[in-house]
Amino acid sequence: MKYIFVGAFCAMAVLSVVAWWWQPSQRDDGRLEIVWVSDDNPVRREQIDLFNELYPQYRLRLDPQNSGMEKVIVQCLAGVGPDVFDCYSGFQLASFVRSGIARDCAEDLAARDIDIDAVWPALRPLVVHEGRAYGHPDNAHAPALWYNKRVFDAAGEPYPTGGWTWAEFIEVAKRLTVEDERGRLAQFGLMMGYGDWLDILVAQWGCDIYTPEGTRCTLDSAEAGAAVQFYQDLIYKHGVTPSPVQESAMASAGGWGSGIIALFGADKAAMAIGGRWWLCLLRNPDFGKLPLGAVELPHGPTDRVFGGGRSTLVNAKSKNIEGALTFLEYMHGPAWNNLINRQADALSPVMKYNYTEEFLFNPEHPEEDYNAVWRTAMENSIPRPVSPYVHGQRVDRILAKQADLVRAELKSGAEAMRDAAREINEAIIEMLEIDPVLRERYYEAVAKGAPAAWDRPEDAP
Amino acid sequence: MRSKRTAVITALCFLLPNFLGFCVFTVGPVVFSLTAAFSNWNLMKTVPLQFVGLGNFVKLFTEHEFWLYSINTVYLMMGMPIAIAASLFLAILLGQKLRGIVVYRTLFYLPSFTAGVALLILWKALYNPDFGPINVIIETVLGWLHVSSVDAPTWLSSTKNVLSLGVEKVGLVAGQFGLGARDAIIMMGIWTAAGGGNMLLYLAGISNIPQELYEAASIDGAGKWAQFRHVTWPQLAPTTFFIVIMSFIGGLQGGFEQARVMTMGGPAGTTTTLSYYIYTKAFEEFQIGYASAVAWVLFTVIFVVTLVNWRFGSQYVNE
């Protein structure tokens, strides 16, 4: 028996040596590798190839499997994280900074003449936390209204030209909502994703989600309640946008950018609220040269929308800080910005590259004569409000639950937002109980007159 | 003497790799999580690590979400008796001496060696409210019966359930009666479990029952049902006991994959189980200490339930 044991041990040892010797060398061409955790957008390869061409001393590699804030934080803390990683919101930036994995790049950026003020103002919360810069935005997004010309032509409806109110929009959307022979809705006037409707309507109705200091959630305001109620009415009163049941009945398979975009591309909706980045998918020949148009959103009580995008941050423990910073430098330059605009991966982050003829009229896609719409939407956008005193994922979970209840007509908009505000304020109090640094800052803000998250003094942490 | 020592050393050499792995990857994390449960460990560097005593446990017992998700976990276990009965039924069928029985056994065991995520996506399509085969069949049957007042369930989009449990309240709520996401997951669980490992255990148990017992029962005039009741069922008691214990453990730990792949814990948190809750607390909100406390409470519940099963179940088996 012992001979079997020794033999098996020796065999495994030999095989381990062979495997170690056989593994492909990661730096056999002398190029330093930069690992980028980002989503697997179809245009990402070209963005990487261009960097590798411009900076031959580095090799940028995409790692789409490890995206997601929780994975990035856990891996970076364990010392096996990527060199650079994506960030999608101010909530996420705060979490990355507070967990200590995002590198403060303010001095590094200044040394490379990278001016963060040159990017769209709505993107600042994605890279700037408490006055310090931690990365560079990748792209910029503000919503507008897509419309499918084929659906409009079939209905004999003139194309929208913008400058309309929601009431006017609803009348058009009703005419474009079509039932099939079995009486089921086969085509909707409007489609909008969860994040979009909540952000857009709450912003347009004039609610800021938090007080300016972020010390209290204000979703219990009359404006927020009315905004969410309006969304519920779009589903159940006006019948122009799908309920969760209708949406899941139409649902397609998963994957990057699928779902609502695929449904819109398949003529299941006449109009959809989305971003310019949808073109990354809709330009695909699978959609058969979809005849598209875009106009500004219908006007609500205000015209403002929450803008955003994506940013790339540097891992504080990266072994290739220089390479990571070079990648940020690339994102600030013309090569990246013009490529983003040409690929329609939303809008380029640096504002000046959106004010060129090349942006307005892409010779490869002359049919896209609506690029100015996206730029105007970005100009009208404001940063999505963020509270540093509450965990973003927790807030998302609370909002998702209340959104489900509104979409299922189990609650009115006002009830749902009142409960959401209560739960978010409780989450703020809970966070203050845990984090002494935040608590100190919070009390300073409250002492200066900011409203507290609690209504009764005895609830204060 | 020397050969005995050599044998002991050889045995230890065989055991050592597994023992080391067990210590590093099982005992270590278990002890670590127990320690973490009494701390405020949070991945945010602004939160200094502190011993909080029973603070996490006190908090979780007063937290509304914990009770809601505990109820979800128990609710999803309601399919367990049906799944066990179905396993036994299938095992009896597949224990027959039929032509091509191996093919049947393989087919029924298929769900167990098919990738879990693939199955979940398949079931998601089956539950499509408009075009899913399940609702197509229900609507067809309703059409035959000329029933127009009843709609087919909307399955994964619905918060309804057969016990009328509330969505945000712990308790029963009017208007919540129906079939919804939780019931959809139960049905899927029954399908998966019926032809799985339990069926194999029963099959093995049945093949071990001495034929003489059936022959004796037959001579005494026992029919098929009497043979099952007085021979098969008592002889399978140890197997059933084992299956019940394992199902309880699996049920209390379950629901994570379904929540992650099919529903993201929704709609409105109705398919969030304790295991998914632990994940969200630990890896989305980074409250590792609190999540560890929930995990240890879950462990304690499983341990107590297993002890109770053992205490009363073994009595039944020995009778």
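How many helices and strands are there in chain A? Chain A has 20 helices and 13 strands. Both are DSSP runs, numbered from the N terminus: helices are H or I with at least four residues, strands are E with at least two. The radius of gyration of chain A, taken over C-alpha atoms, is 25 Å, close to the 23 Å that the globule rule gives for 461 residues, so chain A is as compact as a globular protein of that length. That rule is 2.2 Å times the number of residues to the power 0.38.

The model is predicted: local features need pLDDT of at least 70, side-chain atom pairs count only at pLDDT 80 or more, and totals for chains, interfaces and linings use all residues. Residues are numbered from 1 along each chain as its sequence is written, while chains are lettered from A and ligands numbered from 1 in the order in which they are written.

Stay with chain A. Its C-alpha trace spans about 80 × 60 × 60 Å along the principal axes. Of its 461 residues, 50% count as buried. A residue is buried if 20 or more other C-beta atoms lie within 10 Å of its own, exposed if 12 or fewer, and partly exposed in between; the C-beta atoms are placed from the backbone.

Domain 1 of chain A covers 32-141 + 308-373, and domain 2 covers 144-296 + 389-461. These bounds come from an automatic or database domain assignment. The two centres, taken over C-alpha atoms, are 26 Å apart. Here 17 residues of domain 1 are in contact with 13 residues of domain 2. Contact means that two C-beta atoms, placed from the backbone, lie within 7 Å. On the domain 1 side, helix α4 (residues 90-98) of chain A gives the largest share, 3 residues.

Next, the meeting of the chains. 27 residues of chain B are in contact with 29 residues of chain A. On the chain B side, α1 (2-37) and α14 (274-284) are the elements that give two or more residues.

Finally, look at helix α9 (residues 197-207) of chain B. Its buried residues are B:N198, B:M199, B:Y202, B:L203 and B:G205. Why do they lie on the same side of α9(B)? They cover an arc of only 165° around the axis, which puts them there. The arc is that of the directions from the helix axis to the C-beta atoms. What covers these residues includes α4 (80-94), α5 (101-113), α8 (181-194) and α12 (237-253) of chain B. The face turned away from the buried side carries the exposed residues B:A204 and B:S207.
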